[in-house]
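Dear colleague,

Please find below the structure that I am handing over to you. I would be grateful if you could read the notes that follow it.

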Amino acid sequence: MPRYEYRCRACGDTFEVSRPMAAASDAAACPQGHDDTVKLLSTVAFTGARASAPVPRPTAGGGGGCCGGSCGC
Ligand SMILES: [Zn+2]
């Protein structure tokens, strides 16, 4: 379930709410109970997305030398 980060304009607190995408635009009350909150668009995160994200291709060797097999030394 996606997590959305909100900021409360009443107390300035930021908090995350896990909710269905269908409810993403609904108002979210802050932990202190204020409902004057704004959604922070930059922090939408999908649970598990990192696990399936492409990982950088590992470089040959790993010793930092030239003997990764491509130079013939
Ligand atoms: Zn608040």
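Predicted model: local features only at pLDDT ≥ 70, side-chain atom pairs only at ≥ 80, totals over all residues.

Residues are numbered from 1 along each chain as its sequence is written, and side-chain values use heavy atoms, with hydrogens and water left out.

The zinc ion has as its protein donors Cys 8 (SG), Cys 11 (SG), Cys 30 (SG) and His 34 (ND1), at 1.9 to 2.4 Å. Donors here are N, O and S atoms within 2.8 Å of the metal (3.2 Å for Na, K and Ca); water is not among the atoms, so sites may look incomplete. Along the chain, the donors are spaced as C-x2-C-x18-C-x3-H. Cys 11, in the loop between strand E1 (2-8) and strand E2 (14-18), and Cys 30, in the loop between E2 and strand E3 (37-46), are 19 residues apart and link distant parts of the chain. Strands are DSSP runs of at least two residues, numbered from the N terminus.

Cys 30 is buried, at 5% relative accessibility, whereas Cys 11 is partly exposed at 39%. Buried means under 20% relative accessible area, exposed over 50%, and partly exposed in between (1.4 Å probe, protein chains only).

Ser 25 also belongs to the loop between E2 and E3 and is exposed, at 66%. Glu 16 lies in strand E2 and is partly exposed, at 45%. The C-alpha atoms of Glu 16 and Arg 3 are 6.3 Å apart.

Yours sincerely

Methods
Helix = DSSP H or I, 4+ residues; strand = E, 2+ residues; numbered from the N terminus.
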